[in-house]
Amino acid sequence: MQLSLTVRGPGAEAVSYLLAKNPNNLFERGEKGLTVRLLYTTFSSEEVQVLIYVNTDPIELVKNSPDLYDITHYINDREFAASSIFVSSIRKALGTALNGKPKEEYVSWVEHPFDMDLAFGPIASDLRDQELEALFAPIGYEVEVERGNSFIREKSSARYITLKGKQTVQNALKQVSILIPVIDNYKHYFIDEREIEKLDRYGEGWLETHPLKAMILKRTLRFHNMISQSKFYEKEIPDVEIVDRTKVRLNDLRYEAIIKYIETLPKRETIVDLGAGEGKLSVQLGFIEGVKEILSVEPSNKARLRAMERFEQAGGKFGFIAPTPVLGSLFYYDERLNNKDVMILCEVIEHIDEHRLAKIFESIFNNNRPLVLIVTTPNREYNVVYDMDESMRHTDHRFEWTREEFRERCVEWARPNPYQLRFQGIGKENPSYGQPTQMAIFTREEGTSK
């Protein structure tokens with residue numbers, strides 16, 4: 001995790017006093033699970049570049065996490081991406097600059113706008129490149145987004161952002177300290193009133209007029225009772241995020257297609273929603289007539305807690321069967337998932353490395369043995385319709401397959417097992433590229449024992 005700040009023009013050397021860091025010395029500070037270092041790579045009267053980077057010890061970070069028992073700590077990249085962990089560390093190191101309180105003889109430089117480049121990364125985000133630009137362009141930056149190299153896939157999901165513009169050092173650091181966690185949409189600590197205070201202090205002078213203010217507040221403070229306490233909150237502003245409305249609608253169509261198919265099945269009493277995330281599909285499954293048990297399986301504690309909130313909210317509605325949250329993963333055998341009527345993998349497989357899928361499906365067919373297995377995944381061909389060129393639809397996708405590739409894999413997985421296979425498209429059909437989502441339905445052949 002790193003951030004570099006380059007300023008150019010007369011008086012550039014004043015930056016060292018604004019930061020309160022001697023250009024002749026390496027700044028280094030250690031804390032639990034982290035080492036923060038700051039150094040100057042260029043220093044002259046016309047140009048200064050300072051680099052601040054954070055090294056992590058992921059084991060120590062897990063030990064000190066509020067989600068101590070969340071197994072996704074061992075399989076995700078958040079401890080190595082520029083996130084709230086990174087921002088918390090550099091805020092402490094850059095406190096003088098953030099608060100605008102250098103030595104008295106340099107106070108006048110606090111309000112001095114420099115020509116600057118500010119670069120940081122890697123970032124892990126659900127926002128697309130154009131959405132990242134929409135965060136920074138309104139506050140005066142030109143935005144460049146670059147992808148890193150990867151030996152796993154053609155294009156890495158890790159991105160690096162460079163901002164170019166004329167800005168004071170204080171404002172630039174205040175802006176990124178708020179917007180980096182917004183981009184990552186992840187907090188490694190519990191959100192409380194102190195977060196409101198930080199947002200109000202560091203957002204002053206730029207956030208009040210930002211066109212995406214409502215989204216920034218939501219992704220920073222999460223909860224309405226917290227958002228409404230911020231001085232930037234305006235009741236009449238809708239509580240929205242920058243999202244692809246087509247994508248949101250497509251998600252609804254996926255759930256609708258899955259539910260409609262399950263409603264046609266003669267046996268649908270027991271269902272497994274595998275990789276259930278925040279439980280959006282699991283809740284809808286709870287309203288299907290004839291369903292008696294739903295296992296909502298998810299490895300992330302945070303996602304399961306959000307799912308439990310959804311289940312509780314739906315609990316008082318007529319005919320609702322509350323799903324059971326289960327800590328689990330595709331990578332771990334769990335006999336509780338065996339011999340169910342329906343198992344669902346909705347937009348899950350593309351988050352897994354391709355070479356691991358064959359073993360996963362072998363375990364599902366031989367150990368779990370559902371009567372029906374439903375699998376959905378994006379159709380890569382359709383990305384052209386979304387003007388995405390070669391981009392994937394989510395930064396965590398390990399792959400996205402064409403219709404032919406998906407069919408080939410499904411046939412390969414089903415061949416040694418007593419399952420019949422059919423395919424269905426979901427979403428608006430394009431004559432050249434098909435439909436945005438592809439669904440495979442594996443049905444266990446009659447006469448084969450569970």
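How many helices and strands does the secondary structure of the chain come to? The chain has 14 helices and 14 strands in this predicted model.

**Figure 1. Overview of the chain in the predicted model.** The chain has 450 residues, of which 50% count as buried. Among contacts between residues at least 6 apart in sequence, 71% join residues at least 24 apart. The secondary structure consists of 14 helices and 14 strands.

**Figure 2. Packing of helix H6 against helix H8.** Helix H6 spans residues 169-184 and helix H8 spans residues 213-221. Their axes are 9 Å apart and meet at an angle of about 75 degrees. Because angles of 65 to 115 degrees count as roughly perpendicular, H6 is described as roughly perpendicular to H8. On the H6 side the contact is made by Ile178, Leu179, Val182 and Ile183; on the H8 side, by Met215, Ile216, Arg219 and Thr220. By class, the contact of H6 with H8 has six nonpolar residues, one polar residue and one charged residue.

**Figure 3. The aromatic pair of phenylalanine 287 and phenylalanine 320.** A search of the whole structure finds 15 aromatic pairs. In the pair shown here, the ring centres are 4.8 Å apart and the planes lie at 40 degrees, so the pair is tilted. Phenylalanine 287 is in the loop between helix H11 (280-285) and strand S9 (293-298). Phenylalanine 320 is in the loop between helix H12 (301-314) and strand S10 (324-327). The pair therefore ties together parts that are 33 residues apart in sequence. With a relative accessible area of 37%, phenylalanine 287 is partly exposed, whereas phenylalanine 320 counts as buried at 11% relative accessibility.

**Figure 4. The aromatic pair of phenylalanine 365 and phenylalanine 442.** This pair is tilted, with 5.3 Å from centre to centre and 55 degrees between the planes. Phenylalanine 365 belongs to helix H13 (residues 354-368) and phenylalanine 442 to strand S14 (residues 437-444). The pair links distant parts of the chain, 77 residues apart. Both phenylalanine 365 and phenylalanine 442 are buried. They also belong to a cluster linked by ring pairs, which includes Phe361, Phe399, Trp401, Phe406, Trp413, Tyr419 and Phe423.

**Figure 5. Charged side chains over aromatic rings.** Lysine 21 lies over the face of phenylalanine 27, at 4.9 Å from the ring centre.

Notes. Residues are numbered from 1 along each chain as its sequence is written. This is a predicted model: local features need pLDDT of at least 70, side-chain atom pairs count only at pLDDT 80 or more; totals for chains, interfaces and linings use all residues. Side-chain values use heavy atoms; hydrogens and water are left out. Axes are lines fitted to C-alpha atoms, for helices over the stretch in contact, and angles run from 0 to 180 degrees between N-to-C directions. Helices (H or I, at least four residues) and strands (E, at least two) are DSSP runs, numbered from the N terminus. Angles under 35 degrees count as roughly parallel, over 145 as roughly antiparallel, 65 to 115 as roughly perpendicular and the rest as oblique. Contact means heavy atoms within 4.5 Å. Ala, Val, Leu, Ile, Met, Phe, Trp, Tyr, Cys and Pro count as nonpolar, Asp, Glu, Lys and Arg as charged, and the others, Gly among them, as polar. Rings of Phe, Tyr and Trp (its six-membered ring) pair if their centres lie within 6.5 Å; planes under 30 degrees apart count as stacked, over 60 as edge-to-face and the rest as tilted. Buried means under 20% relative accessible area, exposed over 50%, partly exposed in between (1.4 Å probe, protein chains only). A charge sits over a ring if NZ of Lys or CZ of Arg is within 6 Å of the ring centre and within 35 degrees of the ring normal.
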